[in-house]
Amino acid sequence: MIKAIVTDIEGTTSSIAFVHEVLFPYARERLPQWLEARAGQPAVAEQLDAVRAMTSEEDASVERLADVLVQWIDEDRKATPLKTLQGMIWEEGYRAGDFTSHIYPDAAECLKLWHDQGLELSIYSSGSVHAQKLMFSHTERGDITPLITHYFDTTLGAKRDSDSYRRMLDVLGVPAEDVLFLSDVPAELDAAEDAGIRTCQLVRDPEMETGHHRCVHSFDEIDLDELA
């Protein structure tokens, strides 16, 4: 019996286009000047030191680090300090009303339904926990964070590493067979399955790569009884 559902964001609850055509460019354009103005703030300085450690450039200037981070954005690197800094920049954008986050209507409706049915809902994304909370509190359908119990990011581990999902299970406190993971990426689903978690792939685009997992085109096609 499914008791907990964990879902990816990009390509699953929300469009890839919103992330790559709105959020990423917004952070990329502002990042150099934003870092220059805030590099002395403890929370920002901590992430810049993490970038220095990752690049083995202990004496790198803020300007040099900005170049590295912009390159990482272009490469879609899943680096934790980048994701953390992006989240800080996006927070300012959300608060200024520069954009509202996209969520598929079927995802919003099913998350509410499942929550009302007593299921525990969680998010696992490469974006930072802070960025996840911002995204779900500023959706086109309002604030849906009250529906979500747990948020997981790359501090848990890589999304294509089965050990990440085993660590997730320790937090959830639910047997693996009672957990359902939703994603659009077969490799992530493979990793979750290897940890004993049930899986379902969201195929929003008919040209998407699919694996051996059960596939649906929207959240309202998910039959929890069939997956149990």
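Guide: Welcome! A disulfide is a pair of cysteine sulfur atoms within 2.5 Å. This is a predicted model, in which local features need pLDDT of at least 70, side-chain atom pairs count only at pLDDT 80 or more, and totals for chains, interfaces and linings use all residues. Residues are numbered from 1 along each chain as its sequence is written, and side-chain values use heavy atoms, with hydrogens and water left out.

Visitor: How many disulfides does the count come to?

Guide: Take cysteine 200, whose closest cysteine sulfur is that of cysteine 215. The two sulfurs are 7.2 Å apart, too far for a bond. By the 2.5 Å rule, the number of disulfides is therefore zero.

Visitor: Is cysteine 200 buried or exposed?

Guide: Buried means under 20% relative accessible area, exposed over 50%, and partly exposed in between (1.4 Å probe, protein chains only). Cysteine 200 has a relative accessible area of 0%, so this residue is buried.

Visitor: And which class does cysteine 215 count as?

Guide: Its relative accessibility is 36%. That lies between the two cut-offs, so cysteine 215 is partly exposed.

Visitor: How are helices H2 and H4 oriented to each other?

Guide: Helices here are DSSP runs (H or I, at least four residues), numbered from the N terminus. The axes, lines fitted to C-alpha atoms over the stretch in contact, with angles from 0 to 180 degrees between N-to-C directions, come within 9 Å and cross at roughly 150 degrees for H2 (residues 42–55) and H4 (residues 80–96). Angles under 35 degrees count as roughly parallel, over 145 as roughly antiparallel, 65 to 115 as roughly perpendicular and the rest as oblique. H2 and H4 are therefore roughly antiparallel.

Notes. Helix = DSSP H or I, 4+ residues; strand = E, 2+ residues; numbered from the N terminus.
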